Amino acid sequence: MVQLVPVDHDPFADAAAPASPTLIPVDHDPFADRAGPGPQSAADLAFGGEDPGRGVPATETPMGRFLGMPAAAYAAASGALDGVPVVGPTLTGASNRTAALIRSMRDGTAYADELKRVEDYDTGTRAAHPVAATAGAVAGGIGGLAPAVIAAPALFGAGAAPLAARAMASTVSGGLIGGADSAVRTGGDPLEALKGAGTGAALGAGAPALGAAVGAGVRKVGDVVAQRLAPTAGFGSAAAGKLADDLAASGGADAIRARLGQLGPEAMLMDASPSLTGRAQGLAVEPATRGAVVTPLETRAAGANARIRGDVDAALGPAAEPATVRGAHQQSYDQAVPPLYREAVAQPVTVDTSDVLGMVRGLRAQEKGPAADALDRAWNLLHHEGEVPGVGRAVIPDRRPEALHNAKEALDAAIAQAQGQMGSAAASTVSRLGQVRGALNSALESQVPGYANANRTAQQYFAGGDAFERGQTLLNGGRDAVRPGQLAVETAGMSPMETFMQRLGLRTEVDRHLGTQLNDRIALRNAVLGEGDFNRAKLGTVFGEEPTQHLVSAVDREGAFDRVHQDVVRNSQTAQRTASARDIAPREVSAGSTDVLPGLATIFGGADAGVSALATKGGMGGLKLAASAAGRQADLARNHELARAVTMRQGELMDQFLAAIGARSALQQRAAAIGNIAGGGAQAAALSQADRARGYLPSTLPRLPFTGR
């Protein structure tokens, strides 16, 4: 059985066609004889719409599946194209002409007819769907103007200037855009262009404030969402919010981690930045939280000297008394050197000293006074009584290695004695005896096996002792201070024993600095950083750069700890302390001020009204008192959580806390970014809607009163 159903009216059919529905078989295609599909503009094609004139159900088209109504989608797309300020009508006209040209070439129809049909369809569809068309126009205005605002924000009042300056710039740009847009849309009508300029200027004047308000609102909503969604690591939302602000002012969680890593395991969160130190200062002012903040600082300060000595020992090795070092060095010498000499001089060899005696004889002929007497004693040291064949006992040159070694030591003693005297005679004595001693030593080294090795070993010990004494002078200041460059050259030429002994000497000197001052931090700072960069450079030469940097870090760390201690405990930085205390001050418990209500009620309503108002006052006061007390308890609980946070040390809890606050800050930053985008969009929307607002203005200006104009 054939079913008859109504067919929708084709808006593009001949105007003479009957308007009433026609009953035809359901399987009949009424558009089969048409030359082609219904008109589609470029906007419709881009939006994905289908021509409903082809009989395709709305829900079967791409836009039908998206909106359920392809005509509405077309209206929105067309409105968006037309809504672009100034160039919108041009873009719409180009779109319609392109669609008409395509249809005319495809279907073989007249271009003018197709253009009229496209334009009529465009106008009719937007009129039939005003909401979609308006929404699209607003979106087109925002999208068309946003790139210009982003490229030159200052010109459109979207920069970082004060609100008044931005409003002025936005007024000018809004007036220019509104005037130009109205002129384009009204065919150059000067009155309409003037009205458009005025409307645009008015909207532009309020656009920065509107954008700021919208942005602030979106950011506030984002903050609330961040408070609800972000982890808190055991802290309440109020405390976490203030800590998040402090971390943001400190450069973020990564900067906090880096600073705490530099300060070591004793560092607390309050040490990481001035903002967090200020938070601790405010908590120290409040009686309820002062102990929770001050006690950990006092405990840490009491251990400063022990920490510093531990740092010095870790970097430079354990300390030793100079007398102990000298005694150990002498003991090592006694165990190593004398056996070498005894072994060498015990060998059955004789030493020819004729060259030495000839030197003494020649020098004696030149000298007078003390030097001559010293040479006579040296001559005697080189002789002894012995048997001479055919002569008997006589004084003869001593050729025994052991006796000559003893003679050399006697010469060393005589030289040392003369060095302690003043004058040219003593200097001459030292010089002459030194010559004799050198010649005798050369004879022993060249003729007694093993003697030269014993000499070298002894010299190493003597040089090591000198290096130890030298190390104890390296931190001396003044004109006689050792220059870093000079020390580097000397150290490069030292033997391993000398290097070791110099290090021990300097280590004992550092310990002397620590032991002779009450504050080890100040002592170490003077030792490491005194004399400009000299001491640090010399420590680096003797101990190496890494141990020296360890000491510098210890000085910096303890200095940072001391500054925080002074700021929080000793009431330093009054302004910062006061501001922080004001930020966290608990609310006062109060019933509020309602004393005037009963009196007014009595005056205007009589005694009964006064009694009723008094009872109401009592009830209101009780509610306010309860709310105030609850608020104060919440503030105190928040402050205790803040105190727990700022005194937190590194570890798992700190990691969890920083991760939680970092996540909260990230959410807040995203909310702020979205707020900025929303604010910019609101500002762009205001600047681009002069054409729509212009329609609400009167078509003619009102007459001025009393002028007839």
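**Close-up 1. Arg 300 and the ring of Phe 561.** In this predicted model, Arg 300 lies over the face of Phe 561. The distance to the ring centre is 3.9 Å.

**Close-up 2. Phe 235 with Arg 644 and Phe 657.** Here's another charge over a ring: the charged end of Arg 644 sits over Phe 235, 4.3 Å from the ring's centre. Now look at aromatic pairs, of which the whole structure has 5. One of them joins Phe 235 to Phe 657, edge-to-face, with 5.4 Å from centre to centre and 65 degrees between the planes. Phe 235 comes from the loop between helix 8 (190-229) and helix 9 (237-249), while Phe 657 belongs to helix 27 (residues 652-688), so this pair ties together parts that are 422 residues apart in sequence.

**Close-up 3. Tyr 333 meets Tyr 461.** Why is this pair called edge-to-face? The planes of the two rings, Tyr 333 and Tyr 461, are at 80 degrees, with the centres 5.6 Å apart, so the pair gets that label; the cut-off for the angle is over 60 degrees. Tyr 333 sits in helix 14 (residues 322-345) and Tyr 461 in helix 19 (residues 451-471), so the contact ties together parts that are 128 residues apart in sequence. Both Tyr 333 and Tyr 461 are buried.

Close-up 4. Tyr 333, Tyr 461 and Phe 462 make up one aromatic cluster.

Definitions and conventions: Residues numbered from 1 in each chain as written. Predicted model: local features only at pLDDT ≥ 70, side-chain atom pairs only at ≥ 80, totals over all residues. Heavy atoms only, no water. Phe/Tyr/Trp six-rings, centres within 6.5 Å; stacked < 30°, edge-to-face > 60°. Helix = DSSP H or I, 4+ residues; strand = E, 2+ residues; numbered from the N terminus. Buried < 20%, exposed > 50% of the residue type's maximum accessible area, 1.4 Å probe, protein only. Lys NZ or Arg CZ within 6 Å of the ring centre and 35° of its normal.
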